[in-house]
Amino acid sequence: MTASHPRHRRALVIPAGMAVATALAFLPNTAATAAPAADAAAAAPADATPLSYVVNVRGGHGAPAHVKKAIGEAGGTIVTSYDRIGVIVVHSSNPDFAKTVRKVRGVQSAGATRTAPLPSASTADMGTPKVLSAAEVADAAAESAEGQDPLQGLQWDLPAIKADRAHEKSLGSSKVTVAVIDTGVDDTHPDIAPNFDRAASVNCVSGKPDTSEGAWRPGPSESAHGTHVAGEIAAAKNGVGMTGVAPGVKVSGIKVSNPDGFFYTEAVVCGFMWAAEHGVDVTNNSYYTDPWYFNCTDDPDQKALVEAVTRASRYAERKGAVNVAAAGNENYDLAADEIADPVSPNDSTPSERVIDPSECYDIPTQLPGVVTVSATGAKGLKSSFSNYGRGVVDIAAPGGDSTAYQKPEAPATSGLILGTLPGGKWGYMAGTSMASPHVAGVAALVKSTHPHASPALVKALLYAQADATACADPYDIDGDGKVDAVCEGPKNRNGFYGWGMTDALDAVTR
């Protein structure tokens, strides 16, 4: 199935009796602080459209003076420069800016990060979390088992990965931090506040870090997505609300989504770089980098975006972070010869195109070194919406599904995933957005158990400890007699589940 809404597709809200790839729109905005550039205004007509660009040069030495001069002469204003990886963030109203700068000696690639003006055109959100009412919270608390947080009985996903048993051994180490690169995190939530790492939190929406107090939080009208993800990872085991997969580790918020719900390249690069420089052990990435669902390397703009995010994610890993990402919610086979992409570019006018996923990349999901996570439902089957693909999906985790397809055992009542919501609330969401934080939490437990493990070793342990899960053959999730997806590969490495279901118990005992 294809996305019904040309926006982000990492989180779903699934009505009872049906599973649809309905994406939440995501969100934060900080005005870019622009450094002056010579003759910038003279290079473009007054009514030209201002866009944001990344210019990639050799990393490690700073942008050469002649490149900076050429950027100014081409009508560009440098917002910031990530010298260690050679990525320069630029604003320009010159429609030929990228074409001009690509010809400059020392520029390896350059491209526009968006197709809509600054700021991007606003579109309405679609889909909201299912919020637990006060009565539902009270009822769940009254039925909670001894030793459990009040809402833990609703979390079928914890026993699905043996997290409940893992917590009897270890809650994880407070020396480990997981960064939620997302729409912002409400650190005032009572389940998040005890474990929040303020020093590792920031607003990166402009492409340049904004460290002002609370800049990492979502605004009143902004998406709850990042807060939900943070609670799944590290909601404290404190007698309040729910329990995270790793309730003893720290969690930080790195806000990269603007108020219209777009995750642009400059913000994502900033997010990875901030995580790299602030001691983050794991990053969770439940998004794709806008405006292209797939970025094709034969297009000079899209190639530059792939290069910039690749450099940033690799740098974060070199500095010690394991990068975990959601596989996506369109039931796409990411290992297929071709995929129809009807939603790109999603910030202006999309066009129908057919891409080769071996040459056009969902970033950061398909980047080298990133742990790619598919979603499962309450019965352990691939979620009806989850993307898959042999050799692409590394590991599986609970992301929820319609109860019409996969119904949990009591006392859980919803097939979706419970998480924290801004304003001290809790609610349900579903998607590979919700699967990825389960793996990020387990990775944090692995790091807690093996504090000196490198990212490569943490990933190796994640995969080795996963519970091998055989293909469902045939996979007819809605029971209509038609195969809904084809799983390829053996029990211990296939397109639906990768190495298998992530295992929290093994993470703290092996």
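Colleague: Is Cys471 buried, partly exposed or exposed?

Modeller: Please keep in mind that this is a predicted model. Cys471 has a relative accessibility of 22%, so it counts as partly exposed. The limit for a buried residue is under 20%.

Colleague: Which residue does Cys471 form a disulfide with?

Modeller: The partner of Cys471 is Cys487, and their sulfur atoms are 2.1 Å apart. In general terms, a disulfide is a covalent bond between the sulfur atoms of two cysteines.

Colleague: Where do Cys471 and Cys487 lie, and how many residues apart are they in sequence?

Modeller: Both Cys471 and Cys487 lie in the loop between helix 10 (455-465) and helix 11 (504-509), so the bond ties together parts that are 16 residues apart in sequence. Cys487 has a relative accessible area of 14%, so this residue is buried.

Colleague: Is the disulfide of Cys471 and Cys487 left-handed or right-handed?

Modeller: This disulfide is left-handed, because the torsion about its S-S bond is about -60°.

Colleague: How many disulfides are found in the whole structure?

Modeller: The search finds three. With the bonded cysteines numbered in sequence order, the pairing is 1-2, 3-4, 5-6.

Colleague: Which residue is joined to Cys204 by a disulfide?

Modeller: Cys204 is joined to Cys270, with an S to S distance of 2.1 Å. The pair links distant parts of the chain, 66 residues apart: Cys204 is in the loop between strand 7 and helix 6, while Cys270 is in helix 7 (residues 265-277). The link is left-handed, with -65° about the S-S bond. Cys204 counts as buried because its relative accessibility is 0%, and Cys270 is buried with a relative accessible area of 0%.

Colleague: And what about Cys296: which residue is joined to it?

Modeller: A disulfide joins Cys296 to Cys360, again with the sulfurs 2.1 Å apart. Cys296 belongs to strand 10 (residues 295-296) and Cys360 to strand 14 (residues 360-361), so the bond ties together parts 64 residues apart in sequence. The link is right-handed, with 110° about the S-S bond. Both cysteines are buried.

Colleague: Let us change topic. In what order do the seven strands of the open sheet come?

Modeller: The order is 7-8-6-9-11-15-16, and the pairing is parallel. Strand 7 (202-203) and strand 16 (395-398) each have a single partner strand, so they stand at the edges with one side left without a neighbour in the sheet.

Colleague: How many bridges join strand 6 to strand 8?

Modeller: Six bridges join these parallel strands.

Colleague: Which residue in strand 8 stands opposite Val180?

Modeller: That residue is Gly253. In strand 9, the bridge partner of Val180 is Asn284.

Colleague: Which strands of the sheet does helix 6 touch?

Modeller: Helix 6 (residues 225-234) packs on the sheet and touches strand 6, strand 8 (250-255) and strand 9. Its direction makes about 160° with that of strand 6. Five of the six residues of strand 8 are buried, so this strand is largely enclosed by the rest of the structure.

Colleague: How many residues of helix 9 are buried?

Modeller: The count is 17 of 18, so helix 9 is largely enclosed by the rest of the structure.

Colleague: Which residues are in contact with Val373, leaving aside its neighbours within four places in sequence?

Modeller: Among them are Val324, Ile395, Ala435 and Val439.

Conventions. Residues numbered from 1 in each chain as written. Predicted model: local features only at pLDDT ≥ 70, side-chain atom pairs only at ≥ 80, totals over all residues. Heavy atoms only, no water. Contact = heavy atoms within 4.5 Å. Pairing = 2+ DSSP bridges. Helix = DSSP H or I, 4+ residues; strand = E, 2+ residues; numbered from the N terminus. Axes fitted to C-alpha atoms, helices over the stretch in contact; angles between N-to-C directions. Buried < 20%, exposed > 50% of the residue type's maximum accessible area, 1.4 Å probe, protein only. Disulfide = S-S within 2.5 Å.
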